[in-house]
Amino acid sequence: MTNVYIEGIGMTKFGKFVDKSMKQLLVEASIEALEDAGNPKVDAVFVGNFMGGSIGNQEILGALVANELGLGYIPTAKVEGACASGGIALRQGIMGILSGEYDTVLIAGVEKMKHASTADVTQAINAAMDNDSNEKQAGLTFPGFFGVLANRYFYETDATKEHLAMIALKNRENALHNPLAQFQKPTTIAEIMEARIITSPLGLFDCSPTTDGAAALVITRKKGAIHIRSSAQSSGPTQMQDADDVLSLPAVRESGRLAYERAGVGPEDIDVVEIHDCFSMTEMLAIEELGFFNKREGWLAVEQGRTKATGDKPVNTSGGLLSRGHPIGATGVAQLYQLVQQLRGIAPNQVEHARLALAQNLGGTGSYSTVHILERL
């Protein structure tokens, strides 16, 4: 267990904001988190971000926050771990407190993607693949990778495209109640099933969008109401051909195992979950890898409604990446924003009596995974 607590949270609305810079989004979320924490003295800043340099021509994000907020000459850093940048930034802050170097750390995550063309964003995202591989040279993309996994899952189970649509619909229904979510227009199974195919069998609703947005947390060693019970991070294969089982994400499984072990709890104890659903298929695999359901049986849980906000294992009550939105560097921090709200009892799609919460943040096609388990004291 850690002796680290979450004292403050902040988050911008996710969506398209042509009139706001990345710095403005970052500062907006950070100010909200600091005010929520009572404006404590901050000893360090870690910022999760993936493509600020490549499509925004903006780096030095940590120093920008410290200077803009008048935090003084404290150490700051940007943390990059593809889509897991936010989760890894949080973990770096936790490690800094556990080491005794810091008492209070500001964690933020940010991305600005909507100003760039789809081609430029796709090229930038593909930097999270192994560029020195024949898979990359053959043209494999992230939708292509998870599309292959979906087809294999269908082959090995009785799951169908409709089960993926159920995940997309659940997350959209959750987003309808989240005022900060990117998508708040109702949809139907029929619309999801008939939507434009991105890469078979994944359609438009099965794929997370490009998004602008930021989120922030204030963590501290001072005892508070929200305890970070454990923090874990693992790495996994960077190429599909290196996987022992194509329907497994070892980094997710291992980071989950370590987090459970360090927290002294099991998957059966977790009340509410935020999972990295960059694709509907990714959520299907993650609920199995984290032990919530048996391997190759996640689709049955989805079919039975067990992962809905009203189910026995609520997943992505924020709307998830699919509908809350996916500003890459902010995603891992936004997951914690939603879970802290759940533990405070003020969340959209509030889960009754939630006490233990789990966040899982994925980078690449399974290259990185972080898992954090929170407890309401």
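Trainee: How much space lies in the second largest cavity?

Mentor: About 50 Å³. Keep in mind that this is a predicted model. The general idea comes next. Rolling a probe the size of a water molecule over the atoms shows where empty space is left. In this structure, the second largest cavity is lined by M129, D130, S133, E135, K136, T238, Q239, M240 and T365.

Trainee: Which classes of residue make up the lining of the second largest cavity?

Mentor: There are 2 nonpolar, 4 polar and 3 charged residues.

Trainee: How many cavities of 30 Å³ or more are there, by this rule?

Mentor: The count is 3. The largest cavity has a volume of about 100 Å³. Its lining is F145, P237, Q239, M240, A243, V246, S248, L249, P250, T365 and G366. Sorted by class, that gives 7 nonpolar, 4 polar and no charged residues. Now compare the two lists.

Trainee: Next, the open space. What volume does the largest pocket have?

Mentor: The largest pocket holds about 920 Å³. Its lining has 31 residues, and P143, C207, S208, P209 and T210 are the closest to its centre.

Trainee: Which helices each supply at least two residues of that lining?

Mentor: α5 (118–125), α7 (142–156), α8 (161–175) and α13 (320–323) do. The largest share, 4 residues, comes from α5. By class, the pocket lining has 18 nonpolar, 10 polar and 3 charged residues.

Trainee: Where does T211 sit?

Mentor: T211 is in the loop between β6 (202–203) and β7 (213–220).

Trainee: Is T211 buried or exposed?

Mentor: Buried. Its relative accessible area is 0%, so T211 falls under the 20% cut-off.

Trainee: What does the side chain of T211 make polar contact with?

Mentor: The side chain of Q182, at 2.5 Å. Look at H326 too. Its backbone nitrogen lies 2.9 Å from a polar atom of the T211 side chain. Leaving out residues up to four places away in sequence, T211 touches F14, G15, E111, M113, K114, Q182, G325, H326 and P327.

Trainee: How do I read a helix such as α3? Which of its residues are buried?

Mentor: Start with the geometry. An α-helix has 3.6 residues a turn, so residues three or four places apart point the same way. In α3 (residues 61–68), the buried residues are L61, G62, L64, V65 and A66. They pack against α1 (22–36), β2 (44–48), β3 (76–79) and β4 (104–111).

Trainee: What follows α3?

Mentor: G70 does, and its phi is positive, near 65°.

Trainee: Last topic: the core. How many residues does the largest nonpolar core have?

Mentor: In soluble globular proteins, nonpolar side chains tend to be buried together. Here, the largest nonpolar core has 64 residues. I270, F292, L358 and I373 have the most contacts inside this core. α7 gives the most to it, with 7 residues. Apart from this core lies another, of 37 residues, including Y102, L180, A330 and A359.

Trainee: Which residues is F292 in contact with, beyond its neighbours within four places in sequence?

Mentor: Y260, P267, I270, V273, I275, I287, K313 and L358. Two of these, I270 and L358, are also named with F292 for the most contacts inside the largest core.

Definitions and conventions
Residues are numbered from 1 along each chain as its sequence is written. This is a predicted model: local features need pLDDT of at least 70, side-chain atom pairs count only at pLDDT 80 or more; totals for chains, interfaces and linings use all residues. Side-chain values use heavy atoms; hydrogens and water are left out. Buried means under 20% relative accessible area, exposed over 50%, partly exposed in between (1.4 Å probe, protein chains only). Contact means heavy atoms within 4.5 Å. On a 1 Å grid over the protein atoms alone, a cavity is a set of points where a 1.4 Å probe fits but cannot get out, and a pocket is an open set with protein on both sides within 12 Å along at least five of seven lines; lining residues have an atom within 4 Å of a point. Grid points are joined across faces, edges and corners, and a volume is the space filled by probe spheres set on the points. Ala, Val, Leu, Ile, Met, Phe, Trp, Tyr, Cys and Pro count as nonpolar, Asp, Glu, Lys and Arg as charged, and the others, Gly among them, as polar. A polar contact is a pair of N or O atoms within 3.5 Å; within protein, one must be able to donate a hydrogen and the other to accept it, and residues adjacent in sequence count only if both atoms are side-chain atoms. A nonpolar core is a set of buried Ala, Val, Leu, Ile, Met, Phe, Trp, Tyr and Cys residues joined through side-chain atoms within 4.5 Å.
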